[in-house]
Each structure stands twice: as structure tokens, then as C-alpha cells.
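User: I am new to reading protein models. Can you take me through some features, one at a time?
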Amino acid sequence: MKLSRQYSTGVFLILALSLVGCSGIPVSTDYDTSWQFPQLSTYAWMVPKQKLVEDPTVDNDLMNNRVMRAVDAELFSMGVKKATGDASADFLITYHVSAENRQSINSFHSSFGYYPCWQSCYRFGAHNDTYIRHYKQGTFMVDVIDPASSELIWRGIAGRRLTAKTPLERDAYVNEIVSAILAEFPPGRSASGN
């Protein structure tokens, strides 16, 4: 019984540490510093521009609806309301999603025997292992547009590996990344803790 308790405690600690390491999504933002962001309380969706190259992995109705639901829910939780028409909106919002193939390369040096060695080195079974993993990286951009000038006033960008396999996993993936991006909107919100 004592061994299993130590084992379960160890497994719990490993899981907790791995979740802490994976929970943060790096987000970068850019914005017009002269804009009065706290005054923005209503929004409307702006139809995204036609892409030159479409990727069916992310350019489809399912993904479009998923992202729009996530943005609507996040803005609602922030107290920002959807305007009844474009004319009454304080800002317009749109998004861009892309996916690209990437690879990660990890090399490991392993050896058996006396190591490190001085002068004469005795090693056996030494070899290098290189692992190459191919994956898709998704990049999400959320843009806030001034309705009067149609100029970009705020952009949030985050990227992650596309790992979701089922519709529910895709929903959770999009919700998490949209939440991370909009946690930075308006500028200074994440620093103030709101």
C-alpha cells in the first residue's frame, strides 16, 4: 500500500508539472498606441478578405463557425456586446488562420563505458540518435478594425501545433487559443488582471 501511494504521488507530480509547462500559450500583440481602447464596448464581424492560397485544413465552414463562436463567447465574457449593425459597432473584428508543415529535430548522444575521459578514452556503444518529427503548426490572428477608417488598430497572434483529432478536441483547441489571444485585449488588460 505504501509503495502504491508513493507511486501515485509521483505520477500526480509528473502530470501536474507537465500541465503547468503546457498551459501557457505565447501571444504577441501589436496595436495603435493612440487609440482609446477602454471605450470599445460593441463589435460587429468583418468579412475576412479572400485569401490567395486556401488551405482546406483550416479554411472551411466548420473552422469558421468554431472560431466565430469562440470569439463571440470570449467577448461576451468580457462584457463586450455584439452590435445590431455595423454602423453602431465601436469596432469590427475578424480573424485569420493558417497552417504550415514544420519539423522538430532532436539529437541525443549516448554512450556506455567510462565518460568523460582523460587522455585515453575508453568508450563502447557510443552513438548519436537523431529524431525528426513532422507536424502542422497553426497560426491564429485576431484583428480589431476601426469601422470609420477600416484600419487595423489591434492584432493578437498565437501559434500552436495542430494536434486535435476530433470535433470536441478541435472546439477545445480553438477556445483555448482564442481565449489566450483575447486575454491581451484591450491593451493592458492582462497586466491589470481584468
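User: Which helices each supply at least two residues of the lining of the second largest pocket?

Analyst: Start with the general idea. Rolling a probe the size of a water molecule over the atoms shows where empty space is left. Now the case here, in a predicted model. Helix H2 (61-77) and helix H3 (167-182) each bring at least two residues to the lining of the second largest pocket. H3 gives the most, with 4 residues.

User: What is the volume of the second largest pocket?

Analyst: The volume is about 260 Å³. The lining has 14 residues, and the closest to the pocket's centre are Thr57, Met63, Leu162, Ala164 and Arg170. By class, the lining holds 8 nonpolar, 3 polar and 3 charged residues.

User: How do I describe the way H2 and H3 pack?

Analyst: Two packed helices are described by the angle between their axes and the distance between the axes. For H2 and H3, the angle is about 45 degrees and the axes are 9 Å apart. H2 and H3 are therefore oblique to each other. Their crossing is right-handed.

User: Which residues of H2 meet H3?

Analyst: On the H2 side they are Met63, Arg66, Val67, Arg69, Ala70, Val71, Glu74 and Leu75. On the H3 side, the partners are Pro167, Arg170, Asp171, Val174, Asn175, Val178, Ser179 and Leu182. The residues of this contact divide into 9 nonpolar, 2 polar and 5 charged. Look again at Met63 and Arg170. Both belong to this contact, and both are listed among the residues closest to the centre of the second largest pocket.

User: Now the backbone. What should I look for in phi and in peptide bonds?

Analyst: Most residues other than glycine have a negative phi, and most peptide bonds are trans. So look for exceptions to that general rule. Ser150 has a positive phi, near 60 degrees. Ser150 sits in the loop between strand S5 (123-145) and strand S6 (152-161).

User: Which residues does a cis peptide bond join?

Analyst: Phe185 and Pro186 are joined by a cis peptide bond, with omega about -10 degrees.

User: Where does Pro186 lie?

Analyst: Pro186 is in the loop between H3 and helix H4 (189-192).

Terms used. Residues numbered from 1 in each chain as written. Predicted model: local features only at pLDDT ≥ 70, side-chain atom pairs only at ≥ 80, totals over all residues. Heavy atoms only, no water. 1 Å grid on protein atoms, 1.4 Å probe; cavity = no way out; pocket = protein on both sides within 12 Å on 5 of 7 lines; lining within 4 Å. Points joined across faces, edges and corners; volume = space filled by probe spheres on them. Nonpolar A, V, L, I, M, F, W, Y, C, P; charged D, E, K, R; others polar. Axes fitted to C-alpha atoms, helices over the stretch in contact; angles between N-to-C directions. Parallel < 35°, antiparallel > 145°, perpendicular 65-115°, else oblique. Left-handed = near helix turned anticlockwise from the far one by under 90°. Contact = heavy atoms within 4.5 Å.
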